[in-house]
There are 2 protein chains.
Amino acid sequence: MLIAIPLFDRFTALDAVGPFQVLVALPGATTVFLAERPRDVTDESGVLTLGAKASFADVPSPDIIVVPGGPGQASHMAGSPLRDWLIAADQTSTWTASVCTGSLILAGAGLLDGRQATTNWLAMDELARLGAKPRRERYVFDGKYATAAGVSAGIDMALALADRIGGADLAKRLQLGIEYDPQPPYNAGSPATAPAEIVADLRARSRFTSA
Amino acid sequence: MLIAIPLFDRFTALDAVGPFQVLVALPGATTVFLAERPRDVTDESGVLTLGAKASFADVPSPDIIVVPGGPGQASHMAGSPLRDWLIAADQTSTWTASVCTGSLILAGAGLLDGRQATTNWLAMDELARLGAKPRRERYVFDGKYATAAGVSAGIDMALALADRIGGADLAKRLQLGIEYDPQPPYNAGSPATAPAEIVADLRARSRFTSA
């Protein structure tokens, strides 16, 4: 089972590394980070680089695709090697997944037309504009497409994907392996639970005009 | 505010990237990954590399230190440049933190003698052997030392640290920023909640003889 995680400049690191840490432990899985050519790819902060060890051309037919999000997503909505690879690789993938605004790349590639999907809470309207049916869920499965909400939601999505691939015991084993027993100090991780002024401020600073 | 995340071969990626994704958004923070020399550092899977942009010598006095865990921890319990740097940098740090078995490195460096601390659920006895007072908590603060449980617990610890640094509103803002509204598909993320046979199997495969 070949798992491909495409990277792009200004991706969000946890979008990629959360699902990676779950899926890399799937029995029989080979995981690879890729880009248009092998290189270190810099995240949105400019501080973190993750190594893409393979090129898109090297990995034409992965079984699982996980597309992270991040501000750099905007460069992959048309005419990008990542988008071209995604459209081709999706034709033979068993699962095509995304985290955060990675679902906008999927939708921009025409993969989510009429499908239920989710994304970062700030990008819901944009996801609808691109032809998907947005749902405010932690993660959404529609056929072979699995989309996660913002950033940290990729961990939950990956565990749910492991469940579908290998069953409940495997998913629980992977969950214990990363000791995923979350206890955030506050209940403020969604716009429904965070203080209204924080929600409004983040919305005002967003590059999307949504939600 | 300078945040240093030391890397070492065979670290666990999410141990480092979880807290990174929270702390990099602290107002006024500069975050840096470091190693004995600038290089790409490979995680425990052999698949992921994260770029250490600075050497230990470049960053002698960070305000915050976050030490990840992973199997490679075992090489930093004595006579390693990372350990030497940690002992020196800790003398002037405001906060010294760890995730997963990173706390064993702290303890091995003598920083947790008699202190309450936590670690990966499989390494509790080892942490005690190294002079700390293990607690089965998601994260533990004792003075300026913040230690997190296994892998994903670094996210919770980093939010709690942000709370102490900048207050509740900042912590909530950072939490919403990574949309940390966890909804794991199962309640199996700790040895107290996972099925007994999965707990027993992971224990049997552990390099520690503990818990």
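Which helices do the buried residues of α6(A) pack against? The legends below take up this question first, using a predicted model.

**View 1. Helix α6 of chain A packs against helices from both chains.** Helix α6 of chain A spans residues 168-177. Its buried residues are A:Ala171, A:Lys172, A:Arg173, A:Leu174, A:Gln175 and A:Leu176. The buried residues of α6(A) pack against α1 (13-23) and α5 (153-166) of chain A. They also pack against α7 (196-205) of chain B. After α6(A) comes A:Glu179. The phi of A:Glu179 is positive, near 45°.

**View 2. Chain A meets chain B.** The contact takes 56 residues from chain A and 56 residues from chain B. On the side of chain A that touches chain B, six elements each supply at least two residues: α1, β2 (30-35), β4 (49-52), α5, α6 and α7. The largest share, eight residues, comes from α6(A). By type, the residues of this side of chain A divide into 32 nonpolar, 15 polar and nine charged.

**View 3. Helix α7 of chain A packs with helix α6 of chain B.** From α7(A), the contact uses A:Ile198, A:Val199 and A:Leu202. From α6(B), it uses B:Asp169, B:Lys172, B:Arg173, B:Leu176 and B:Gly177. Four residues of this contact are nonpolar, one is polar and three are charged.

**View 4. Seven strands of chain B form an open sheet.** The strand order is β5-β2-β1-β6-β7-β11-β10, and the pairing is mixed. β5 (54-55) and β10 (139-142) of chain B stand at the edges. Each has a single partner strand, so one side of each is left without a neighbour in the sheet. β10(B) is joined by four bridges to β11 (residues 145-148) of chain B. These two strands, β10(B) and β11(B), run antiparallel. B:Tyr139 has B:Ala148 of β11(B) as its bridge partner.

**View 5. Two helices of chain B lie across strands.** Helix α1 (residues 13-23) of chain B lies across β1 (2-6), β2 (30-35) and β6 (64-67) of chain B. α1(B) runs at about 170° to β1(B). Helix α2 (residues 81-90) of chain B lies across β1, β6 and β7 (95-98) of chain B. α2(B) runs at about 150° to β6(B).

Terms used: Residues are numbered from 1 along each chain as its sequence is written. Chains are lettered from A and ligands numbered from 1 in the order in which they are written. This is a predicted model: local features need pLDDT of at least 70, side-chain atom pairs count only at pLDDT 80 or more; totals for chains, interfaces and linings use all residues. Axes are lines fitted to C-alpha atoms, for helices over the stretch in contact, and angles run from 0 to 180 degrees between N-to-C directions. Two residues are in contact if their C-beta atoms, placed from the backbone, lie within 7 Å. Ala, Val, Leu, Ile, Met, Phe, Trp, Tyr, Cys and Pro count as nonpolar, Asp, Glu, Lys and Arg as charged, and the others, Gly among them, as polar. A residue is buried if 20 or more other C-beta atoms lie within 10 Å of its own, exposed if 12 or fewer, and partly exposed in between; C-beta atoms are placed from the backbone. Two strands pair if DSSP finds at least two bridges between them.
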